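Reader: Walk me through this structure, please. I would like to learn how to read its features one by one.

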Amino acid sequence: MAELHAHVAAYPVGLRLAGRRVVVLGAGQVAQRRLPALLAAGADVLLISPSATPSVEAMAEAGELRWERRGYRDGDLDGAWYALISTDDPAANEAASAEAEARRVWAVRSDDADAASAWTPATGRAAGVTVAVLTGQDPRRSAAVRDAVVEGLRDGSLAAPHHRARAKGVSLVGGGPGDPDLITVRGRRLLAEADVVVADRLGPRDLLDELPPHVEVIDAAKIPYGRFMAQEVINNALIEHAKAGKAVVRLKGGDPFVFGRGMEEVQALAEHGIPCTVVPGISSSISVPAAAGIPVTHRGVAHEFTVVSGHVAPDDPRSLVDWEALARLRGTLVLLMSVENIGAIAETLIRHGRPAATPVAVVQEGTTAAQRRVDATLETVGERTAAEGIRPPAVIVIGEVVNAARPNEG
């Protein structure tokens, strides 16, 4: 039977397994990979295996599936709609496959695809589309084709028109620290579907070059020491274009709610009845230190890290930061928007008890091709930053984690 069907093309179909019994035999790596999709499909999963990987065992303990801790027995596929046969016992796999054939249960076999009545395609999801690829006996090619299609859908290079109206409103997208590859999948998809993009200087600028010619890009750069676009003007631009029925993306650097005024924009939109979708981004407070080889926490070194905006000097009456309390902390301090005030900040921390020899790293243009790192101590960081000509954007890390690994070259 297997030889008869080995070279016949498979008929692709999507199984609707919600509430339907699926039997999984074996709880090793194959089951660990396949179970999440079965559970996401709402299948009523019965797992039969004497043992399981820790991840599969956790699914059972969480009540996501039923687990019978034993080997396969004849009759286990009674009432099943679909079966995944993946034990490490060839005889049990053969017997279960024969039962599936007799009961007309579609079954996948991990050890012998030719003997199975069903194959698992290489699958992926992007932009609300499920991509499933079968190439017969070449699973690596299936995965490669799947990846190419999914990536195209995610970055907008492979696009098809929407035949249903898109939801109105604004997408507030955190673009990450600067490297265009560090924007989230959802953020990149929304950017590819935009009619209007209101972009910050610190957003992933390289992505703007990939936008189609019809997309209107509004520069909302708030450049330190230079001109800026008032927040009210940004809010009005978002409101105006959203009310015109356009798909609007507000592209911000890092995460919208980490010193990004994201909530101000959400509130302004809400006042005009405009829905806003918030897409979190990778904050520069953790990603830039990581890119420079600095962990913000490290076992035996730092059990905490605190993120602080230093755009207001410690002695400024507008400051909301308790610098005296911060100086008493033993963990890592991560300073954003602090280049101009780092000398005063360092002096304040030392005055309130932080050791002058505390290591400091200043990382400029983190995650981009222009990234550079300057090392100093709390006592010398003000002079070093000025001498090296450090300019924003830069992330400043204070604490012993700076010496946790050898500084990156370059």
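Reader: Is Glu94 buried, partly exposed or exposed?

Author: Start with the ground rules. The model is predicted: local features need pLDDT of at least 70, side-chain atom pairs count only at pLDDT 80 or more, and totals for chains, interfaces and linings use all residues. Residues are numbered from 1 along each chain as its sequence is written, and side-chain values use heavy atoms, with hydrogens and water left out. Buried means under 20% relative accessible area, exposed over 50%, and partly exposed in between (1.4 Å probe, protein chains only). Glu94 has 46% relative accessibility, so Glu94 counts as partly exposed.

Reader: With which residue does Glu94 form a salt bridge?

Author: Side chains of opposite charge can pair when their charged atoms come close. The rule for a salt bridge is a side-chain nitrogen of Lys or Arg within 4 Å of a carboxyl oxygen of Asp or Glu. Glu94 pairs with Arg109, and their closest N and O atoms are 3.2 Å apart. The pair links distant parts of the chain: Glu94 is in helix 4 (residues 90-103), Arg109 in strand 5 (residues 106-109), 15 residues apart. Helices (H or I, at least four residues) and strands (E, at least two) are DSSP runs, numbered from the N terminus. Arg109 has a relative accessible area of 6%, so Arg109 is buried.

Reader: How many salt bridges does the rule give?

Author: The count comes to 20. One of them joins the side chains of Lys252 and Glu265, at 3.2 Å from N to O. Lys252 lies in strand 11 (residues 248-252) and Glu265 in helix 8 (residues 262-271), so this pair ties together parts 13 residues apart in sequence. Both Lys252 and Glu265 are buried.

Reader: Which residues are linked with Lys252 and Glu265 in a network of salt bridges?

Author: Asp200 and Arg250 are linked with them in that network.

Reader: Now the core. Which residues have the most contacts inside the largest nonpolar core?

Author: A nonpolar core is a set of buried Ala, Val, Leu, Ile, Met, Phe, Trp, Tyr and Cys residues joined through side-chain atoms within 4.5 Å. The largest has 21 residues, and Leu335, Leu349 and Ile398 have the most contacts inside it. Helix 11 (342-351) is among the elements that each supply at least two residues. Helix 11 gives the most, with four. A second, separate core of 20 residues includes Val22, Val45, Val56 and Trp67.

Reader: Where is Ser49 found, and is Ser49 buried or exposed?

Author: Ser49 sits in the loop between strand 2 (44-48) and helix 3 (54-61). Its relative accessibility is 6%, so Ser49 counts as buried. Contact means heavy atoms within 4.5 Å. Leaving aside neighbours within four places in sequence, Ser49 is in contact with Gly26, Ala27, Trp67, Glu68, Arg69 and Arg70.

Reader: And the surface. Which residues make the nonpolar surface patch of about 380 Å²?

Author: Patches are made of residues with over 30% relative accessible area and no salt bridge: like charges are joined within 9 Å, nonpolar side chains (Val, Leu, Ile, Met, Phe, Trp, Tyr) within 5 Å. Accessible areas come from the Shrake-Rupley method with a 1.4 Å probe; for residues, only the protein chains shown count as cover. Tyr11, Val13 and Leu15 make this patch. Tyr11 is in the loop between helix 1 (2-5) and strand 1 (21-25). Its relative accessible area is 73%, so Tyr11 is exposed.
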